Amino acid sequence: MSMTIATQSTDQGLILALSKGRIFEDTLPLLEAAGITVLENPETSRKLILPTNDPAVRVLIVRATDVPTYVQYGAADFGVAGKDVLLEHGGEGLYQPVDLNIASCRMSVAVNAGFDYASAVRQGARLRVATKFVNTARQHFASKGVHVDLIKLYGSMELAPLVGLSDAIVDVVSTGNTLRANNLVEVEKIMDISSRLVVNQAALKLKRARLQPIIEAFQKASTLQG
Ligand code: ATP
Ligand code: PRP
């Protein structure tokens with residue numbers, strides 16, 4: 001820990017953690033607003049550390065779920081992560097100054113089209129729920145007083161009810177196309193989701209002069225965009 005802080009205090013370079021795909025694409029215009037251009041495309045480059053037009057700013061390409069961890073431990077100074085991912089991580093060691101209003105979707109409960117979720121809940125049935133978002137799901141069903149057995153999955157949650165692994169899933173929904181294509185129906189919205197800027201709390205103090213203008217540029221650009 002002390003080594004990390006020593007590195008941060010002497011090295012004024014900045015490291016940003018992003019995931020490939022929608023978060024990377026949607027963060028590019030915000031970076032441009034802060035005068036930062038990423039010089040390589042993560043879809044075609046095999047590099048995991050990408051240079052920018054500013055030699056002092058580099059971009060780490062990590063899994064979406066890993067962004068908060070890199071930032072929490074100071075391996076990245078800042079990053080962009082979905083609220084879904086942040087709720088599962090817990091947010092420890094992270095400052096979350098800006099809702100960027102990107103990668104917007106919602107977290108919902110979905111079931112097979114033939115399954116009467118409302119009556120199962122009314123009757124106090126114990127439900128099997130498959131999800132990547134176990135903390136959020138546990139909290140949601142506990143607050144409704146619904147008994148659930150949670151089954152942790154890492155992807156393709158939509159498959160679970162189709163093959164009898166679960167009665168329901170908790171997953172993110174945007175257009176609803178994935179649910180429709182698999183004959184599932186959304187029965188309950190848990191919350192709206194968007195992505196946030198996350199900043200390492202120690203880095204914010206030690207590198208405030210470098211970070212603050214970027215945070216402000218992101219804030220301004222995301223407000224204009226929204
Ligand atoms: P990992 O790679 O760690 O398994 P992932 O595949 O869920 O994560 P992405 O698909 O890149 O990662 O999603 C990143 C974030 O974008 C999610 O955390 C969520 O907040 C949001 N998101 C997920 N699916 C959608 C969608 N269909 N439309 C809009 N936003 C979405
Ligand atoms: C996400 C999520 C859903 C889908 C919902 O998957 O896991 O399956 O989006 O979006 P829709 O309501 O618009 O269909 P994503 O597209 O990110 O695929 P991946 O997570 O498997 O990469």
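Strand 8 gives the most to the shell around ligand 2, with 3 residues. Helices (H or I, at least four residues) and strands (E, at least two) are DSSP runs, numbered from the N terminus. This is a predicted model: local features need pLDDT of at least 70, side-chain atom pairs count only at pLDDT 80 or more, and totals for chains, interfaces and linings use all residues. Residues are numbered from 1 along each chain as its sequence is written, chains are lettered from A and ligands numbered from 1 in the order in which they are written, and side-chain values use heavy atoms, with hydrogens and water left out.

**Ligand 2**

Two elements give two or more residues to this shell: strand 8 (168-173) and helix 8 (177-181). The residues around ligand 2 are Arg22, Glu158, Asp171, Val172, Val173, Ser174, Thr175, Gly176, Asn177 and Thr178. A residue counts as near if one of its heavy atoms lies within 4 Å of the molecule. By class, the shell holds 2 nonpolar, 5 polar and 3 charged residues. Ala, Val, Leu, Ile, Met, Phe, Trp, Tyr, Cys and Pro count as nonpolar, Asp, Glu, Lys and Arg as charged, and the others, Gly among them, as polar.

**Ligand 1**

Ligand 1 has 16 residues around it, and Arg22, Arg63, Thr65, Asp84 and Lys132 come nearest. By class, this shell has 7 nonpolar, 4 polar and 5 charged residues. Helix 2 (22-33), helix 4 (83-89) and strand 5 (94-112) each supply at least two residues. Strand 5 provides the largest share, 3 residues. Domain 1 (2-104 + 194-225) and domain 2 (105-192) each contribute at least three residues to the shell around ligand 1. The domain bounds come from an automatic or database domain assignment.

**Polar contacts**

A polar contact with a ligand is a pair of N or O atoms within 3.5 Å.

| Ligand | Protein atom | Distance |
|---|---|---|
| Ligand 2 | Arg22 side-chain N or O | 2.9 Å |
| Ligand 2 | Glu158 polar side-chain atom | 2.6 Å |
| Ligand 2 | Gly176 backbone N or O | 2.7 Å |
| Ligand 1 | Arg63 side-chain N or O | 2.8 Å |
| Ligand 1 | Thr65 side-chain N or O | 2.3 Å |
| Ligand 1 | Asp84 polar side-chain atom | 2.8 Å |

**Burial**

Ligand 1 has 630 Å² of accessible area on its own, and the protein covers 76% of it. Ligand 2 taken alone exposes 500 Å², of which the protein buries 57%. Accessible areas come from the Shrake-Rupley method with a 1.4 Å probe.

Terms used:
Polar contact = N/O pair within 3.5 Å; in protein donor to acceptor, adjacent residues only side chain to side chain.
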